[in-house]
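Dear colleague,

I am writing to hand over the structure shown below. Please keep it in view while reading the notes that come after it.

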Amino acid sequence: MNLSPVNSHNEWDPLEEVIVGRLEGATIPSKHPVVACNIPPWGARLQGLAAGFGYPRRLVEPAQQELDRFIELLESLGVTVRRPDPVDHRRRFGTPDWSSRGFTSTCPRDSMLVIGDEIIETPMAWPCRYFETHPYRSILKDYFRRGARWTAAPKPQLTDELFEPDFRIPAVGEPMRHILTEFEPVFDAADFVRAGRDLFVTRSNVTNRMGIEWLRRHLGPGYRIHEIESRCRTPMHIDTTFVPLGPGRVLVNPEYIDVDRLPEAIGSWDILVAPEPDPIHEHLLKVTSMCGKWLSMNVLVIDEKRVIAERHHTGMLRALEGWGFEPIPCDLLHYAPFAGSFHCATLDVRRRGTLESYVD
């Protein structure tokens, strides 16, 4: 019997405990090419002008109201919810090579990866996210004292050698390019999803080959890591591209995924093609969202039947129902300016299940 408070092997076993992010102290990311590379040039200029300032109340307040109701929903479903400590991310920090302000505590999915009874702090590529796990330290220490394993990947230097100096977003039809070099291992946990002994990853503008290889060696021969080829021109995080919903069932983005080029290991899986997202008409959301339109796929699986999904995206709700799931509508649309939705905003720490293999 596993006595650790941390025990999560996949994305769909019954959810028992989760960490949910916090909006307090959220700060517009500091100016850096790795931040700007995933947004249009006009957006990058606007972000650079606002960098280091707190988010305006007109963005924070509706997102906070939705987040509070989301937490109430999780607790009503019997899920234990843990929260990070409040932090002022406007405070400046640095290393011998650079300095920055922080970002947010809104997305624990990015900075920590749960594999079984182990929590791994990830080596993130954005300088403003260098100390992003610190607001979670009281939780991490509590889990460690109670039996969980706690690991931190090597802290990256994040010097200029890590970033391609003349990077530009490749046009459709051009060979894929990424801003990251192979100077050192970096990865965000949100570029990985778990299916027992198998993990799936997209190489992106925050995850390089060295980062994938570091995790492969760290986990050892008991696990396999499969790379998912994405056609996204600005790749960042797999949870709007390839989202396992249950044993042998995966939701895929038809714009980013060629189903004929998925790994052979999942050839017997049921491939569920996501419907076109419902359009967002609120102008402020459209110009401030840090995520693309496919945030409709950023769902949180409660168990093999129940899935929390955005109330606005009725097409996704109907599709989930048609595939035999029980969608639970919830509002979190105004969380998009803070880099996510239900999957991003959470880190499932304990699911009731054991380590299994689900691939051929």
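Predicted model: local features only at pLDDT ≥ 70, side-chain atom pairs only at ≥ 80, totals over all residues.

Residues are numbered from 1 along each chain as its sequence is written, and side-chain values use heavy atoms, with hydrogens and water left out.

Helix 6

Helices (H or I, at least four residues) and strands (E, at least two) are DSSP runs, numbered from the N terminus. Helix 6 spans residues 209-219, and its buried residues are Gly211, Ile212, Trp214, Leu215 and Leu219. They lie on the same side of helix 6 because they cover an arc of only 160° around the axis, the arc being that of the directions from the helix axis to the C-beta atoms. Here, buried means under 20% relative accessible area, exposed over 50%, and partly exposed in between (1.4 Å probe, protein chains only).

On the face turned away from the buried side, helix 6 carries the exposed residues Arg209 and Arg217. Gly220 follows helix 6 and has a positive phi, near 80°.

Cysteines

The structure holds 0 disulfides, a disulfide being a pair of cysteine sulfur atoms within 2.5 Å. For Cys37, which is in no disulfide, the nearest cysteine sulfur is that of Cys232, 11 Å away. Cys37 is buried, at a relative accessible area of 6%. Cys107 is likewise in no disulfide, and the nearest cysteine sulfur, that of Cys344, is 5.0 Å away. Cys107 also counts as buried, at 0% relative accessibility.

Loop residues with positive phi

Most residues other than glycine have a negative phi. Leu158, however, has a positive phi, near 55°. Leu158 sits in the loop between strand 7 (149-152) and strand 8, and is buried, with a relative accessible area of 3%. Ala339 has a positive phi as well, near 85°. The loop that holds Ala339 runs between strand 16 (326-330) and strand 17 (346-351), and Ala339 is buried at 13% relative accessible area.

With kind regards
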